[in-house]
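These are my notes from going through one model. I kept the entries in the order in which I looked things up.

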Amino acid sequence: MSRQHLTFSCEGSILAATVDEAAGETGVLIVTGGNETRAGAFSGQSRLAARIAAAGYPVFRFDRRGTGDSAGKNGGFRESEPDIREAIGVFREIMPGLKQVVGFGNCDAASALMLMAGEGLDGLILANPWTIENESAAPPPEFVRARYAEKIRNPRELLRLLTGKVSLRGLASGLLQAMRPAPAPSSLVQDMAAGLQQFGGKATILLAGRDRTAQAFDACWNSQDPRIQRCDGASHAFVEPDAQEWLYQRIVSVLAGEQAR
């Protein structure tokens, strides 16, 4: 296994990329979320790529326009489709033995893959898809209920309540939020659902149990969707050791399934 750095062009801008080489015929395209660089939070995607490549699957990561080491204007996840398309083409070109490419994205990277209907990819791994159009909006009721359930299980929080260290006004406001009905699906969610419906390959949805983004997704999606798998104790970037292992195992399981096709 070896790692090489390269650049490629997208609509006149030069983008930076990294490929972890391996001999397998199924590869992973990692798409970063938000303004994150291809290394990922706490270099998590870099370490994940190395581990996946060690298991025999090549991995391609890149900085979209305007982020990290890439030039150009950062248009956000809604305008990242050209970047993703070019990355897929370059990955297949430099690894001509590839027969399948699976796209993996966390947060709005997952949303971007859904919005483009996974075109050019054979499989999708979508972690904590971003569905919040108005970031200043109140948190979803499911998030508030989960937060209060966690507090109730915490003896320290119960002691704070019994000793008067918790604002009763704040508590009442939070309980009212928890009782609110779930909001209607936004246009973003509808577009993501339509894109995923058009995708002809297999999609896997991974949700971190302690992540507000995942909880917001759960609130506006079919919670019984058989494509959903949950990691109860995980935060948004799956930084906990057991969550890292869980994520790795889920990704490799998907890749093994694609390889067997």
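This is a predicted model: local features need pLDDT of at least 70, side-chain atom pairs count only at pLDDT 80 or more; totals for chains, interfaces and linings use all residues.

**Entry 1. The sheet**

I began by asking: in what order do the strands of the open sheet lie? I read the order as S1-S2-S4-S3-S5-S6-S7-S8, eight strands with mixed pairing. I found strand S1 (3-10) and strand S8 (228-231) at the edges, each pairing on one side only. I noted an average twist of 20° from one strand to the next.

I then went through some of the pairings. I found strand S2 (residues 13-20) antiparallel to strand S4 (residues 59-62), with four bridges between them. I noted that aspartate 20 has valine 59 in S4 as its bridge partner. I found S3 and S5 paired in the parallel sense over six bridges, and there threonine 26 has glutamine 100 in S5 as its bridge partner. I also followed S5 to S6: these two run parallel and are joined by five bridges. I noted valine 102 opposite glycine 123 in S6.

**Entry 2. Strand S5**

I checked both faces and found them covered. On one side I listed Gln100, Val102, Phe104 and Asn106, and on the other Val101, Gly103 and Gly105, all of them buried.

**Entry 3. Overall counts**

I counted nine helices and eight strands in the protein. I have 48% of its 261 residues down as buried. I also looked at contacts with a separation of 6 or more: 67% of them are between residues 24 or more positions apart.

**Entry 4. Helices on the sheet**

I looked up which strands helix H2 (residues 81-94) lies across. I found it across S1, S2, strand S3 (26-31), S4 and strand S5 (100-106), at about 130° to S1. I found helix H8 (residues 212-220) lying across strand S7 (202-208) and S8, and running at about 125° to S7.

**Entry 5. Nonpolar cores**

I asked which residues have the most contacts inside the largest nonpolar core. I got Leu29, Phe60, Phe62 and Ile84, in a core of 45 residues. I took isoleucine 84 and listed what it touches, leaving out residues up to four places away in sequence: Leu29, Val31, Phe62, Ala112, Leu113 and Met116. I noted another core lying apart from the largest one; it has 24 residues, including Ala127, Ala234, Trp246 and Tyr248.

**Entry 6. Helix H3**

I asked how many residues of H3 are buried. I got seven of the eight, so H3 is largely enclosed by the rest of the structure. I listed the buried ones as Asp108, Ala109, Ala110, Ser111, Ala112, Leu113 and Met114. I found that these buried residues pack against S3, H2, S5, strand S6 (123-127) and H7.

I then looked at one of those neighbours. I found that the axes of helix H3 (residues 108-115) and helix H7 (residues 187-198) come within 7 Å and cross at roughly 60°. I therefore recorded H3 as oblique to H7. I listed Ser111, Met114 and Leu115 on the H3 side, meeting Leu188, Asp191, Met192, Gly195 and Leu196 in H7. I sorted the residues of this contact into five nonpolar, two polar and one charged.

**Entry 7. Positive phi angles**

I found cysteine 107 in the loop between S5 and H3, and it has a positive phi of about 65° although it is not a glycine.

I placed asparagine 128 in the loop between S6 and helix H4 (141-152). I have asparagine 128 as buried, at a relative accessible area of 0%.

Definitions and conventions: Residues are numbered from 1 along each chain as its sequence is written. Side-chain values use heavy atoms; hydrogens and water are left out. Two strands pair if DSSP finds at least two bridges between them. Axes are lines fitted to C-alpha atoms, for helices over the stretch in contact, and angles run from 0 to 180 degrees between N-to-C directions. Contact means heavy atoms within 4.5 Å. A nonpolar core is a set of buried Ala, Val, Leu, Ile, Met, Phe, Trp, Tyr and Cys residues joined through side-chain atoms within 4.5 Å. Buried means under 20% relative accessible area, exposed over 50%, partly exposed in between (1.4 Å probe, protein chains only). Angles under 35 degrees count as roughly parallel, over 145 as roughly antiparallel, 65 to 115 as roughly perpendicular and the rest as oblique. Ala, Val, Leu, Ile, Met, Phe, Trp, Tyr, Cys and Pro count as nonpolar, Asp, Glu, Lys and Arg as charged, and the others, Gly among them, as polar.
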